Amino acid sequence: MRSESAPAIRLEDYQPPAYRIDTVHLTIRLHPSETEIVSVVSVTPAEGTATGTPFVLDGDDLTLRGLALNGETLEEDAYSVTPERLELFSPPAEPFELSVTTTINPDANTQLMGLYRSSGTYCTQCEAEGFRRITYFLDRPDVLAVYTTRIEASRTDCPILLANGNPVEAGDIDNSDRHFCVWHDPHPKPAYLFALVAGDLARVQDSFETMSGALVELNIFVEHGNEAMCAWAMDSLKRSMRWDEETFGLEYDLEVFNIVAVSDFNMGAMENKGLNIFNDKYVLADPETATDQDYANIEAVIAHEYFHNWTGNRITCRDWFQLCLKEGLTVFRDQEFTSDMRSRPVKRIADVRLLKSHQFPEDAGPLAHPVRPRAYHEINNFYTATVYEKGAEVVRMLKTVLGAADFRKGLDLYFERHDGDATTIEAFLACFEDATETDLSQFARWYEQAGTPVISVKTRHDPERQTFTVDLAQEIPPVPGQKTSKPALIPLRFGLVGADGNDMIAARVDGIEIAGDVMLMEKARQKVTFSGVASKPVLSLLRGFSAPVRLDQTQSEDDLKLLAARDSDPFNRWQAVQTLAMQELLRLTQRARSNETLDPSHSVVEVFGRVLQDAELDPALKALALTLPSEADIAQEVGKDVDPDAIHAARQRLRTEIAVRHRAALSAALNDFMPSGAYSPDAQTAGKRALSNRALHYYAVSGADDASEIVWERFDGADNMTDRIGCLTLLTHDEMPDRDKALDAYRVRHEDNSLAMDKWFMVQATAPGPDTLEHVQSLKSGSLFEESNPNRVRALLQSFATGNPTQFARIDGAGFEFIVESVLEIDKRNPQVASRLLTSFRSWRALESVRCALAESALLKISSCEELSRDSRDIIDRTLQ
Ligand code: B3K
Ligand code: ZN
């Protein structure tokens with residue numbers, strides 16, 4: 001007997017709550033194994049609620065210790081209780097006060113949802129449904145209450161006591177070691193934004209003056225000894241606060257803003273009101289342990305959580321189906337922040353790479369769902385690339401369709417109209433419709449339909465009539481459970497590039513509406529004709545990746561080369577290089593499958609040489625252009641009957657050919673771009689470092705006599721983590737002579753730093769060598785692996801399953817077996833981490849038949865398991881459907 005799926009929750013079944021909770025007074029007496037929570041809530045029947053309607057509260061793994069209504073202990077026949085539910089059969093028709101006492105065991109909480117301890121620090125994670133693991137409550141985002149939280153704990157163990165809002169009172173309790181602190185949050189909020197932290201933490205303090213002159217105290221709390229690693233996070237926070245004021249007029253609204261870094265956390269960070277809790281990976285940085293990418297990630301995640309204060313907290317979601325209302329919009333906002341802080345084109349390319357590598361496969365596989373899903377079994381499984389990244393693309397398209405000024409008008413109206421609300425996508429779109437008198441009903445389909453639209457493109461030039469015609473057709477490939485799909489409104493930014501690389505000035509004579517340089521495609525098939533086009537242009541379509549679609553367009557190598565060299569849109573320049581590389585990689589993959597000699601095209605290899613030597617290209621962009629599509633990207637493009645070994649062979653072959661052919665230029669680049677002076681994480685210096693490391697990546701396989709020596713010396717002499725880990729990756733992945741020596745040296749150097757050690761695990765887990773699986777298995781049973789730490793699990797197991805296609809999908813099936821066993825083990829302690837790991841099978845049906853059958857039998861093993869969490873049951877059922 002296998003465990004059954006939980007019933008689906010459906011958007012169409014949404015009912016407003018029968019009762020309101022206006023205020024919550026919590027008293028939390030912390031104890032490692034027996035924490036007591038007294039929750040006093042003031043309850044009012046909602047308008048229209050019939051007298052005597054039962055009051056039903058959510059719980060999860062709770063023990064009820066006391067229950068009183070308006071101060072009187074409730075008779076046992078007045079309610080029923082289980083660990084998952086508390087029901088008052090016939091509550092008063094008038095407003096009433098309910099006092100609920102529960103006890104919980106933070107030390108036994110291995111799920112890391114609700115209240116738990118991480119390295120001795122008490123902390124909480126309540127989104128999506130963790131508050132019900134603390135006390136019985138109406139744990140749904142449309143119940144907004146004002147919270148007052150009193151925390152009591154041992155002063156020795158927990159000198160720091162934090163909750164949401166502002167601190168209002170603190171003191172000792174009866175001359176004991178125990179003390180208390182009371183926090184009050186004046187902003188009504190849903191329970192998922194509740195937070196509490198207590199521990200012995202160091203404080204890094206700063207302040208910020210808001211645009212209206214209020215002084216906000218800023219604190220970052222970390223483990224003692226890590227204070228010096230908070231400077232970047234603090235700087236990022238202050239820049240985020242200023243940016244939101246300058247860009248959207250949005251100001252912070254409490255006296256204090258606290259950030260706490262913890263080492264055991266299921267995801268990146270959490271935007272609890274006034275008390276953001278972070279995975280320490282997104283707070284701590286110094287040149288010795290953090291890469292340039294880490295610095296960029298910290299900046300982005302700090303900004304993202306801060307921006308939630310308005311998009312998520314002040315305006316929250318009515319129900320969890322509306323998750324993209326806060327997540328898509330907030331990702332869009334953090335992307336814009338990074339674009340303003342750094343290079344806009346580089347950020348756009350990075351975001352599109354992420355979208356294509358994470359969201360496109362999700363949309364093309366069994367886990368596909370609309371940006372706003374209509375049903376779920378376990379909401380934690382919907383914090384996906386589709387909700388976040390595609391959700392952000394939809395907001396970006398809205399801006400493109402409306403134009404920047406009208407977009408801002410709509411957003412201003414949203415903040416004005418919905419401040420304090422728990423609302424919906426419909427209400428969000430209505431603000432843009434009302435502010436700009438635009439009908440967005442067709443645009444709304446982006447929220448409703450799963451699947452990545454494919455746009456087929458054909459062009460015709462008529463030299464006699466001097467016209468240029470573009471024929472377009474849009475279609476969403478079949479998605480499981482989605483019967484039909486309707487044409488979406490697709491904004492296509494474009495240019496007609498002349499032989500000199502300049503954009504031609506051409507007038508539209510017929511067809512699709514064009515606003516500025518954007519075609520607004522509305523129908524399934526549409527064409528557009530331009531006049532005054534004397535010579536044949538090259539169509540540069542989807543500039544800046546103006547819509548999350550795939551293009552089905554055949555362009556000649558010459559046309560792509562022109563775009564690669566001259567397109568005025570930096571994104572499409574990068575894209576053209578990638579397309580050329582991808583076409584070549586597909587050809588080489590096919591050869592490898594039929595065991596033919598792999599002979600890369602001379603002219604494609606030349607394109608890389610030209611990029612390398614282009615004196616005008618920004619180094620960061622150049623580094624990106626020189627990065628070949630990943631093996632997973634190629635697999636996606638191959639689409640079906642995927643053979644990871646053939647893909648790997650093809651990619652290695654092209655990389656080596658580029659390296660050998662351009663050895664001299666690479667040698668120059670690796671020195672020319674190596675930044676000198678003290679380490680700085682700024683975008684420009686980081687871009688140079690990226691280029692120098694990219695050059696080294698090729699140089700290492702160029703056959704140069706001094707390659708091994710250079711890589712080792714750079715590794716050994718590195719004064720920053722970016723260079724050190726770059727070299728360690730090369731030494732490990734390319735099995736260079738100093739590999740073991742380097743891995744040992746790294747371990748000895750960083751043994752005490754868990755985040756740096758995660759990188760050590762990740763580098764080894766993603767090495768393509770034939771024995772990596774066995775090596776990963778031994779690392780997993782070794783003393784340095786920590787099963788209870790989600791970062792470590794992700795560093796070793798998730799990176800193996802998602803970043804090592806040849807070993808994960810090994811032809812003997814052992815890679816699949818290993819991950820399945822790991823999922824089953826982890827599922828017992830932490831379902832969220834397990835179910836996330838399980839999603840690494842999402843593209844299993846695209847594999848060639850032998851591997852596909854092996855994957856299926858591994859997955860069936862999970863499916864037949866009797867005791868599976870709801871999280872993993874949901875993923876396995878959908879993966880196998
Ligand atoms: N809102 C949180 C994610 C919560 C995930 C719950 N399983 C972080 C963020 O998106 O900012
Ligand atoms: Zn978010």
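**Exercise 1. In which helix do D235 and R239 both lie, and how many residues apart are they?**

Before you start, keep in mind that this is a predicted model.

*Solution.* 
- Step 1: find the element. D235 and R239 both sit in helix α1.
- Step 2: count along the chain. The two are four residues apart, about one turn of the helix.
- Step 3: look at the side chains. D235 and R239 form a salt bridge, with 3.0 Å between the closest N and O atoms.
- Step 4: check the surroundings. D235 is partly exposed at 32% relative accessibility, and R239 is partly exposed too, at 22%.

**Exercise 2. Work out which parts of the chain the salt bridge between D206 and K238 links.**

*Solution.* 
- Step 1: confirm the contact. The side chains of D206 and K238 meet in a salt bridge, 2.8 Å from N to O.
- Step 2: place each partner. D206 belongs to strand β17 (residues 202-209), while K238 belongs to helix α1 (residues 231-248).
- Step 3: draw the link. The partners are 32 residues apart, and the pair links distant parts of the chain.
- Step 4: ask how open the site is. D206 has a relative accessible area of 27% and is partly exposed; K238, with 26%, is partly exposed as well.

**Exercise 3. Trace the salt bridge between E606 and R661, then list the members of a salt-bridge network.**

*Solution.* 
- Step 1: start with the distance. E606 and R661 meet through their side chains in a salt bridge, at 3.3 Å from N to O.
- Step 2: E606 is in helix α11 (residues 602-613) and R661 in helix α14 (residues 644-661), 55 residues apart, so here's another pair that links distant parts of the chain.
- Step 3: check accessibility. E606 counts as partly exposed at 26%, and R661 is partly exposed at 27%.
- Step 4: follow shared partners. Salt bridges join R593, D641, D643, D645, E848 and R851 into one network.
- Step 5: step back to the whole model. The structure holds 77 salt bridges.

**Exercise 4. Identify the residues that coordinate the zinc ion (ligand 2) and say what parts H308 and E327 tie together.**

*Solution.* 
- Step 1: name the donors. H304 (NE2), H308 (NE2) and E327 (OE) coordinate the zinc ion (ligand 2), at 1.9 to 2.1 Å.
- Step 2: read the spacing. In sequence, these donor residues follow the pattern H-x3-H-x18-E.
- Step 3: decide whether the pair is buried or exposed. Both H308 and E327 are buried, and the cut-off for that is under 20% relative accessible area.

**Exercise 5. Look at the backbone at A128, E437 and D641 and say what stands out.**

*Solution.* 
- Step 1: Most residues other than glycine have a negative phi, and most peptide bonds are trans.
- Step 2: check the bond from E127 to A128. This peptide bond is cis, with omega near 0 degrees. A128 is in the loop between β11 (121-125) and β12 (145-154).
- Step 3: move to E437. Its phi is positive, near 50 degrees. E437 is in the loop between α7 (425-436) and α8 (445-448), and at 75% relative accessibility E437 is exposed.
- Step 4: finish with D641. Phi of D641 is near 55 degrees, also a positive value. D641 lies in the loop between α13 (631-638) and α14 and is partly exposed, at 44%.

Definitions and conventions:
Residues numbered from 1 in each chain as written. Chains lettered and ligands numbered in written order. Predicted model: local features only at pLDDT ≥ 70, side-chain atom pairs only at ≥ 80, totals over all residues. Heavy atoms only, no water. Donors = N, O, S within 2.8 Å, 3.2 Å for Na, K, Ca; no water. Buried < 20%, exposed > 50% of the residue type's maximum accessible area, 1.4 Å probe, protein only. Salt bridge = Lys/Arg side-chain N within 4 Å of Asp/Glu carboxyl O.
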